Amino acid sequence: MNAIAIDGASHSDEQALRDKFLADHRLFLGPDPEIMRDHSVGPRSPEEEAILSKGLDVHQVQHIRSLINAALSEAFEMVNQMGAAPGAKWGDLVTAIYTARGDLAMIAPHGIIAFAACCFYPIKFILKYWSDDPTVGVRDGDGFIHNDARYGGIHNTDQSMMMPLFYKGELVCWLSSTIHEGENGACEPGGMPAAAESKYDEGIKMPPFKIVENFQIKRDLLTFLQNSVRDPKLQLEDMKVKLHAVLRLRERILALLDQYGKEILIGTLRQHLEDVESEMRRRIRELPDGTTRVAAFMDSTLRENALQKIQLALTVKGDRMIMDFRGSAPQFINRAVNTNIASFKAALATGLLQNIWPDLPHTMAVLSPIEVLTDRNSIIDAEGEMPQAMSLMPLFKACVIWTIPMNKLNYSLPTRYSAVIASQYDQAATFIYGGITQHGDVTGNFCGDINGNGQGARSDADGEHSISPVFGFMCDTGEHEINEEDTPIIRLGAQRLAKDRVGFGKYRGGLGYEQIATVRGTDLWGFMTGCEGSMFSSAQGLFGGYSCPAYQLCKIKGVNVFDVLNQDPGRIEVFDIVKLMNERPIPGATYSTHDMGMTFEICNTGEIYMICQGAGGGYGDVLERDPALVMKDLAEDLISHETAWDIYRVVYDSRSLVVDEAATRAARDEERKARIARGKPFDEFCREWVSAEPPAAIPYFGSWDDPKVIYASDGSMRARMDADHLRGVMMPNPKDVRIRQLETELADLKERLSEREPPRSTPPVSL
């Protein structure tokens, strides 16, 4: 039946006009759920299908891969050598290449996986919304910038430059460069504001937009961005660095196209993705079918201590893997520790490629065979209005959450592709800073020693000390001398390994190091520490190994250490956290300990702030550790004599470190008997320890037994929610909580005083 014409137009024409009108007048192009929730490689394009159906020479494909890798490495080195941000100098960056449709194909071999794994989301946004928009468009010589994690990214302190590469008028691929820039104009300096209570506290939030035309940065937009941050020099320098690194990468890829043609490039990028996905499916098929589980806990919102559960049930069935995170904590309306699902998946890719199968090429194709299940509006799948400035907290858990369940599956395999390994320390343990430098510049950023997390113990060896950050295996910890030239931060004790603070086991985890800092040469400077793990262990042990200890922030305030040392150079024997806090060598100073979720506070000249980079988890029973390895740790001053006995039960001569093997065997046998005596039948243990609900006095967020029931408790009030209908949790201001505590104490004190003392009689007044 034909449509009825009205005023010369059919109903179908009217519908088309209405659709066009609505499309042309959309109120706001926010993050697209179809893009942001899809982490798999898309189907082949018609051109890719035509090229691959003809077949490719595998030797030429490998040659092209090598050339692309070399080009990516060259661009990476350019950013690394020329970048102004500490993140650029110490390797917190990546360069990458994507297919014409935006699928991440390859990254620089030593780049940050998650940065590139997130970047394909904004590229797909650009292709969907800007390509055909007459006011924007995608043309040769264009470059796009973005930093808002809601459109794809880790957190808003990372900025990406993305450029389409055209060859003979055809879009053949995309190129990108990303740096952790730091300062972004947030409510606290340094780019990672723990105090952010809404997304509008997070600083500049750039959806993907065009910042480069005809290979030149648009000065008006650059000025707008510089005007939005505390460090306009940094914003300018690193935008230029990222652009020119991408241009160098473009130059190399164009040379490759001229020599070999576009078909081999397009075919290689697609073949690379499909090869990785096929290999992932093959490895998953080798795993035993079944489900393994782990529960991880964040212990702070960075404003208050609270247990937030991240629950994983990992199921393998054939060549499919399901990661079920349902039952995790709900999102917070006014805390910065939420993340969106796209960022969380990128962190999962990082963890897989860093800790489980590091030999696989670094591309998002590793996640294509994996189904990720979450509760909407949970802390790992938060909706767009939730603050996400410190999304690193759940994201770092995603990087290591693989280790426990996957190593249970890997342990039984005859062929393994990496060592069985316990969890790496998973916190951002460093000083974030801001203020006026000794040169008079306003700045804010973070220190490079964030990159020294202790690695977990392996099934056949101790973990490596301070080997890398949890998010990137090739980052450096920085040069303190360079940092002291740029900022007024003075390191009083630099990277001393944290004795005794480690995950013990048959093989111990790698140690972290102490970080002791003060300032001088400025009248305005401050620190913050956006870190958890002060109440609850961050790195879990494996197969009987100990978890790492909890680590605190320590302060020595109300003193100028430089004056102290000028007056008495021998006053402080060594800058060691344990010695300083226990012996308190500086008279008149205020010594205090805190959790490491410190929001920004002013540090006066000579005041001392101390934190500790953490250790990895241990592997195996401590009583099975080779006594020779215990003596080696003693000789290297990694553990104390007390630890050698209390933990490992080794008997030896304390001066020569010669082990009495017979006495050691006897001591360990005795300890095993003592363990049996202390032990209880499992059912009896559960009757004593297992409760129907979380303890009422503990701030707790997440499921307990039933993943469909989510608890939200601040320690005084409790709510139960259906996991399918989660609501955001609104936390009270910690200052208001403290004021109420003090008011209660004051009222109680007044009441007790009034009970102890009779009211004074008032003398009569003479008139």
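Is Arg584 buried, exposed or partly exposed? Arg584 is partly exposed, with a relative accessible area of 45%. (Buried means under 20% relative accessible area, exposed over 50%, and partly exposed in between, with a 1.4 Å probe and protein chains only.)

This is a predicted model: local features need pLDDT of at least 70, side-chain atom pairs count only at pLDDT 80 or more, and totals for chains, interfaces and linings use all residues. Residues are numbered from 1 along each chain as its sequence is written, and side-chain values use heavy atoms, leaving out hydrogens and water.

**View 1. The whole chain.** The chain holds 20 helices and 23 strands. Helices (H or I, at least four residues) and strands (E, at least two) are DSSP runs, numbered from the N terminus. The C-alpha atoms fill a box of roughly 100 × 95 × 60 Å along the principal axes. Of the 767 residues, 56% are buried. Take the contacts between residues at least 6 apart in sequence: 72% of them join residues at least 24 apart. Contact means heavy atoms within 4.5 Å.

**View 2. Helix H6.** H6 covers residues 113-130, 18 residues in total. From first C-alpha to last it reaches 26 Å, close to the 26 Å expected at 1.5 Å a residue. The expected span is 1.5 Å times one less than the number of residues. In H6, 16 of the 18 residues are buried, so the helix is largely enclosed by the rest of the structure.

**View 3. The loop at Leu302.** Leu302 sits between strand S8 (290-300) and strand S9 (305-317). Its phi is near 75 degrees, a positive value in a residue other than glycine. Most residues other than glycine have a negative phi. Leu302 is buried, with a relative accessible area of 1%.

**View 4. The loop at Arg584.** Arg584 lies in the loop between helix H15 (577-583) and strand S18 (590-594). Arg584 is not a glycine, yet it has a positive phi of about 50 degrees.

**View 5. The loop at Gly558.** Gly558 is found between strand S17 (553-557) and helix H14 (561-567), in the loop. Gly558 is exposed, at a relative accessible area of 61%. Which residues does Gly558 contact, leaving aside its neighbours within four places in sequence? They are Gly588 and Glu607. Asn604 is 46 residues from Gly558 in sequence, and the two are 8.3 Å apart in space, C-alpha to C-alpha.
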